[in-house]
Amino acid sequence: MGGGNTGGVVPRAVTAVRAARSRPIPRVALGAARALAVGRLAVGVVQAVAPNAADRLLPARPAGAGDESALARGLGVRDTVVGVGWWHALDRGRGAAEWAWLQVASDLSDSAGTVGRWRTLDRREKTWMLLLGALTVADAAVAVALGGADEDTAGS
C-alpha cells in the first residue's frame, strides 16, 4: 500500500479553510465595497429613470440593439438590483462576496460586445471602456477580500 501520510493533510486543509472564512475583513475592503455598491445603485437609478441622459455617458450600444432607451432602462434596473442586493448583504454580513462577483460578471458582460468593436469606438467610448475595466478589477479585488467574510452555512 502507499506509505503517504494523507490522513493529516485533509484535516489540516479543512482547518485552514475554516480559519480563512472566519478572518476579519479589512475596513478598507468594507468601505470600498460600500462605495462600489452605492456607485452601482446610483448609475442604475439614473439609467432606469433617465436613459437618454445616461446614453451620453455610456459607450456605443451593441449593433442592432433596437430601442436603446429600453436597453438602458433594463440595464439600469439590473444595476439598481445589484447595488441594493450588495448593500443589503454587507449589512447582513452574509452573501457580500457573491454580490460582488455578480457585479464583476455584469461588468464583463456589458463590455464583451463593445470590446469586439474597439476600432469603431470614439475616444470617449474607449475611455469609458477603460474605466469599466478598472472598475471590474476593483470589484474583483473587493470580492476576493470579502471571500472569507461569509458564515459557513454548509452545515445548517
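Which helix holds Ser111? Ser111 is found in helix H5; the legends below return to this residue. This is a predicted model, in which local features need pLDDT of at least 70, side-chain atom pairs count only at pLDDT 80 or more, and totals for chains, interfaces and linings use all residues. Residues are numbered from 1 along each chain as its sequence is written, and side-chain values use heavy atoms, with hydrogens and water left out.

**Figure 1. The fold of the protein chain.** The protein chain has six helices and zero strands. From the N terminus, its elements read α-α-α-α-α-α. Helices (H or I, at least four residues) and strands (E, at least two) are DSSP runs, numbered from the N terminus. Of the 156 residues, 29% are buried. Buried means under 20% relative accessible area, exposed over 50%, and partly exposed in between (1.4 Å probe, protein chains only). Among contacts with a separation of 6 or more, 75% join residues 24 or more positions apart. A contact means heavy atoms within 4.5 Å. The accessible surface is about 9,500 Å², and carbon and sulfur atoms account for 65% of it. Areas come from the Shrake-Rupley method with a 1.4 Å probe; for residues, only the protein chains shown count as cover.

**Figure 2. The largest nonpolar core.** This core has 12 residues: Ala33, Leu36, Ala37, Trp86, Ala89, Leu90, Ala96, Ala97, Ala100, Val142, Ala143 and Leu146. A nonpolar core is a set of buried Ala, Val, Leu, Ile, Met, Phe, Trp, Tyr and Cys residues joined through side-chain atoms within 4.5 Å. Beyond its neighbours within four places in sequence, Ala143 touches Ala97, Ala100 and Trp101.

Figure 3. Ser111 counts as buried because its relative accessibility is 14%. A polar atom of its side chain lies 3.1 Å from the backbone oxygen of Leu108. Neighbours within four places aside, Ser111 is in contact with Met129 and Leu132. Other buried residues of H5 include Gln103, Val104, Ser106, Asp107 and Thr114. The 20 residues of H5 should span 28 Å at 1.5 Å a residue, and its end C-alpha atoms are 28 Å apart, which agrees. The expected span is 1.5 Å times one less than the number of residues.

Figure 4. Arg40 forms a salt bridge with Asp79, the closest N and O atoms being 2.8 Å apart. That pair links helix H4, which holds Asp79, to helix H2 across 39 residues. Asp79 is buried, at 5% relative accessibility. A salt bridge also joins Arg40 to Asp139, with closest N and O atoms 4.0 Å apart. Asp139 lies in helix H6 and Arg40 in helix H2, so this pair ties together parts 99 residues apart in sequence. Asp139 is buried, with a relative accessible area of 1%. A salt bridge is a side-chain nitrogen of Lys or Arg within 4 Å of a carboxyl oxygen of Asp or Glu. By this rule there are seven salt bridges. A network of them links Arg40, Arg78, Asp79, Asp107, Asp110 and Asp139.

**Figure 5. The Arg124 and Glu125 pair.** The side chains of Arg124 and Glu125 meet in a salt bridge (3.8 Å, N to O). Glu125 is buried, at 11% relative accessibility. Arg124 is partly exposed, with a relative accessible area of 38%.

Definitions and conventions
A polar contact is a pair of N or O atoms within 3.5 Å; within protein, one must be able to donate a hydrogen and the other to accept it, and residues adjacent in sequence count only if both atoms are side-chain atoms.
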